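My notebook is open and the viewer is loaded.

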Amino acid sequence: MCSVMNRVKPVQRALALTLRLRANTVDSSYAAAENRRLSPGVSSTVGPLRSTTRRYCSRMALKEGLLFKQLFESESSTYTYLLADTETKEAVLIDPVLETIERDLKLIRELGVNLKVAVNTHCHADHITSTGLMKKRLVGLKSAISKFSGASADILLSEGDKVTFGKHYLTVRETPGHTDGCMTLVMGDQSMAFTGDALLIRGCGRTDFQQGCAKKLFESVHQKIFTLPDQCLIYPAHDYLGQTVSTVGEERKFNPRLTKSLEEFVNIMNNLNLPKPKKIDISVPANLVCGVHEV
């Protein structure tokens, strides 16, 4: 091998070494991913497999003039989304988590955006929102949640309402079933939908607590989310397997629960036998007051 490498031109030799290094990197990355998949650090008897390695993930949206960041909180496997108009710098934050408030505030400062609204897709049971505390740190910030959530906020949203930032906006679609106050936020051009816990990637939110109703959830997803264009990107509030995004077309075709009949879906949801969320007794009361005792 050495004699062959010595006979090639310097540029060719450098290219060959680069390709070998790249191949080794790909192989190492694949091996690491397989190790994380097979040994995620959480017993499968406790609940869904969880990816414990993600802390921060960012994506630039295809829509011109839109800044989009997807962020991850590992303890509750929650996604937080930051959207901003690149011209006006007005921004919206979806489903922020208390444990990652410093990360989110740092990113907001670095990007130089003006956060106008922090909105929760529903009253969460597995983590405490940071919207209330964030309001104390950012002048002019307003909190928002569904009017059917029973929670306090500056803005109580309902079907058809718009959350505007610069020339962009999110439209509210009420999608109850996981909770009465669940809503899906859809970009004005229907290119993206932030589905909260109503629709997850190849799954959906549970329906056995907090006003949960399997029939309502089935109807919500089919009537309010599956009616969006096939190419509409689905961004859920949680994922436990390292998946970051799906599409309406994919979920309509491959979601193992929501491709069933209503009767089959209700039977599946009524027999999940999942343990109660660890933080439900703390999170729900806190989230009813925007994560703090003063809204």
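Entry 1: I began with helix α8, which covers residues 280-287, and looked up its buried residues: Ile280, Ser283, Val284, Ala286 and Asn287. Why do they end up on the same side of α8? They span an arc of only 170° around the axis, so they share one side of the helix. Then I checked the face turned away from that buried side, and there I found the exposed residues Asp281 and Ile282. A note to myself: this is a predicted model.

**Entry 2: the whole chain.** I zoomed out and looked up the elements: the protein chain has 8 helices and 14 strands. Of its 295 residues, 46% are buried. I also looked up the accessible surface, which comes to about 14700 Å², with 55% of that belonging to carbon and sulfur atoms. Next I turned to contacts between residues at least 6 apart in sequence, and 61% of these join residues at least 24 apart.

**Entry 3: the cores.** How many residues does the largest nonpolar core have? It has 22, and the ones with the most contacts inside it are Leu83, Ile94, Val119, Leu170 and Phe194. I listed the elements that give two or more residues to this core: β1 (66-73), β2 (78-85), β3 (90-94), β4 (114-119), β7 (162-165), β8 (168-174), β9 (183-187) and β10 (192-196). There is also a second, separate core of 18 residues, and Ala193, Leu217, Leu228 and Cys232 are included in it.

Leaving out residues up to four places away in sequence, Leu170 touches Val92, Ile94, Asp161, Lys162, Val163, Phe165, Leu185, Val186, Met187 and Phe194.

**Entry 4: an aspartate.** My last stop was Asp85, which sits in strand β2. Is Asp85 buried or exposed? Its relative accessible area is 1%, and buried means under 20%, so Asp85 counts as buried.

I then asked what its side chain reaches. The Asp85 side chain comes to 2.7 Å from the backbone nitrogen of Glu87. A polar atom of that side chain also lies 3.2 Å from the backbone nitrogen of Thr88.

Methods
Residues are numbered from 1 along each chain as its sequence is written. This is a predicted model: local features need pLDDT of at least 70, side-chain atom pairs count only at pLDDT 80 or more; totals for chains, interfaces and linings use all residues. Side-chain values use heavy atoms; hydrogens and water are left out. A nonpolar core is a set of buried Ala, Val, Leu, Ile, Met, Phe, Trp, Tyr and Cys residues joined through side-chain atoms within 4.5 Å. Buried means under 20% relative accessible area, exposed over 50%, partly exposed in between (1.4 Å probe, protein chains only). Helices (H or I, at least four residues) and strands (E, at least two) are DSSP runs, numbered from the N terminus. Contact means heavy atoms within 4.5 Å. The arc is that of the directions from the helix axis to the C-beta atoms. Accessible areas come from the Shrake-Rupley method with a 1.4 Å probe; for residues, only the protein chains shown count as cover. A polar contact is a pair of N or O atoms within 3.5 Å; within protein, one must be able to donate a hydrogen and the other to accept it, and residues adjacent in sequence count only if both atoms are side-chain atoms.
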